[in-house]
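This dialogue shows how a structural model may be read, one feature at a time.

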Amino acid sequence: MLEGPKVSQSELAKRFGVSQPQICRIIKNKERILSEWHRNGDPERKRKREGKDVALEAALLRWVEGARAADLPVSGPLLQLKAKHLAEALGRPDPEPSGGWLARFEARHNLAFKKPPAEKGDAEQPTAEHWAGAVLPGLLRSYALSEIYACGETGVLLPAASPGKGESAGDQLTVLLCANADGSEKAPLRAVGESPRPRCLRGVNLEQMPWSYRADSLAGMTAPLFVEWLQEFNEGMRRQGKSVLLLLTKHEAHPYLQLSNVRMVFVPLATTLAQPLDRGIASDLKGHYRRRLLRWLPAERGAGQPTLLDALHVLAQAWGDVRPGLIASCFRAAGFSPSAGAEALALAPAPGPLGREQPERRALMDEELERDGEPVDGDEGMAEGEEAGEPAAVRPCPSEREVWGSLATLRRYLECRATSPDLFQAFYELEDTVHMVSAG
């Protein structure tokens, strides 16, 4: 109407039932109003209402635009979670956005979030093939193998335990695995179970365990839990001074985050590539986990079936048993390697009881075993004392039940007082050594 035959402002005011100064302000700000209208694209809106926190909404809108530009799934709950993190970063006093705030934000900016269809069909296949043939090789050239990580979840069953408060028989855990392409680094396991406060974890210094545990009503990975893990993983890379590539599949529980030291890349589902974890890493972990559980001898340990705490330790040991060479071959077989071709995956035989290679510690352990039974200075002095008529009590050889009881006491001490997760690697090797002696 402003572009047509000239009409006075008074006439326009009478026609639309508004004041003449309002018409004057609209004409004066015509370009800005049209620009904002085109950007939001909601013809039903008659007023431009600003949110109470303009800076927060601007930052959140930029994040939404970036996620959509990367063709990443964005949902209402994820948007609410991202708003909470941004509010905390901006130092807002009440960082918990409500559902009503989210609805008003979506209306103000004409945002609508729909679940993506389960099947994309053949029309999406060329794009996926282009990604596998052109995009992925460029990514692989930009990072060293030690800087390329893949992560994903797998499910494991807990052994049937004696029912108790906070534990039930036959529960399932979802375990998040993450490793790099040359197998030189495996992130500590993140397990998700049903019970928020398991009785067996009371008194355990969870911050110093070689694993971490979180709870979900369905024992599955959720977007908030994954975001927490991502931020911890990014912080770990920042402390190491590394910038890495993280490959993962699109999923509603895998939200996209812009991180300082981790570049997230989603692998299209339609590609001929498969997750390296699905090429043998997850199955190898489960094989070691089952083997170690079958080795559990209740009669000797003087205890019942393994608890959730026992299972978490067994999982950490099984993750240590997965060899770097197998991880590297799984990455190559999945195509996530510059030298990947038609190479077939050859699974290496299961490692021995001492899963992780630590030559210095093993050499020390072997030295101690070789000295077992030989008299040392203290023993010789005691023998001389006996000859001089000062008898000393000789402790009998402990039974296997007593040995396992002592190990359980030592493990509990470490669970309560450990200052580093690395201490448990030495304990796991000691436990494996006792298994070797018992079986020998």
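Q: What percentage of the residues of the protein chain count as buried?

A: The model is a predicted one. Of the 440 residues of the protein chain, 40% count as buried. The term applies to a residue with under 20% relative accessible area.

Q: How many helices and strands are there in the protein chain?

A: The protein chain has 16 helices and six strands. As for contacts between residues at least 6 apart in sequence, 67% join residues at least 24 apart.

Q: Which strands pair with β1, and in which sense, parallel or antiparallel?

A: Strand β1, residues 148-157, has two partners to consider here. With strand β2 (residues 172-180) it runs antiparallel, and nine bridges join the two. With strand β5 (residues 244-249) it pairs in the parallel sense over three bridges. Y149 illustrates both pairings: its bridge partner in β2 is N180, and it stands opposite L246 in β5. β5 is also joined to strand β6 (residues 262-267), by six bridges in the parallel sense. In that pairing, V262 of β6 is the bridge partner of V244.

Q: How many residues of β1 and of β5 are buried?

A: In a regular strand the side chains alternate between the two faces of the sheet. For β1, seven of the 10 residues are buried, so this strand is largely enclosed by the rest of the structure. β5 is mostly covered, with five of its six residues buried.

Q: Which residues is L176 in contact with, leaving aside its neighbours within four places in sequence?

A: L176 is placed in strand β2, and it counts as buried because its relative accessibility is 2%. Its contacts include C151, G152 and E153, and also L189, R190, M221, F226 and W229. The C-alpha atoms of L176 and E153 are 4.4 Å apart, although 23 residues separate the two in sequence.

Q: Which residues form an aromatic cluster, and how many aromatic pairs are there?

A: Two aromatic rings are taken as a pair if their centres lie within 6.5 Å. The count comes to five aromatic pairs by this rule. Y149, F226, W229 and F233 form one aromatic cluster.

Q: Where do F424 and Y428 lie, and how far apart are they along the helix?

A: An α-helix has 3.6 residues a turn, so residues three or four places apart point the same way. F424 and Y428 both lie in helix α16 (residues 422-439), four residues apart, about one turn of the helix. Both F424 and Y428 are buried. Other buried residues of α16 include F427, E431, D432 and V434.

Q: What span should α16 have, and how far apart are its end C-alpha atoms?

A: The 18 residues of α16 should span 26 Å at 1.5 Å a residue; the end C-alpha atoms are 26 Å apart, which agrees.

Q: Which residues does Q317 touch, not counting those up to four places away in sequence?

A: Q317 lies in helix α11, residues 308-321. It touches R292, Y428, E431 and D432. A polar contact joins the side chains of Q317 and E431, at 3.1 Å. Q317 is buried, with a relative accessible area of 7%.

Q: What is the phi of A219, and where is A219 found?

A: Most residues other than glycine have a negative phi. A219 has a positive phi of about 55°, although it is not a glycine. It is found in the loop between β4 (211-215) and α8 (223-240). At 5% relative accessibility, A219 counts as buried.

How values were computed:
Residues numbered from 1 in each chain as written. Predicted model: local features only at pLDDT ≥ 70, side-chain atom pairs only at ≥ 80, totals over all residues. Heavy atoms only, no water. Phe/Tyr/Trp six-rings, centres within 6.5 Å; stacked < 30°, edge-to-face > 60°. Buried < 20%, exposed > 50% of the residue type's maximum accessible area, 1.4 Å probe, protein only. Expected span 1.5 Å × (residues − 1). Pairing = 2+ DSSP bridges. Polar contact = N/O pair within 3.5 Å; in protein donor to acceptor, adjacent residues only side chain to side chain. Contact = heavy atoms within 4.5 Å.
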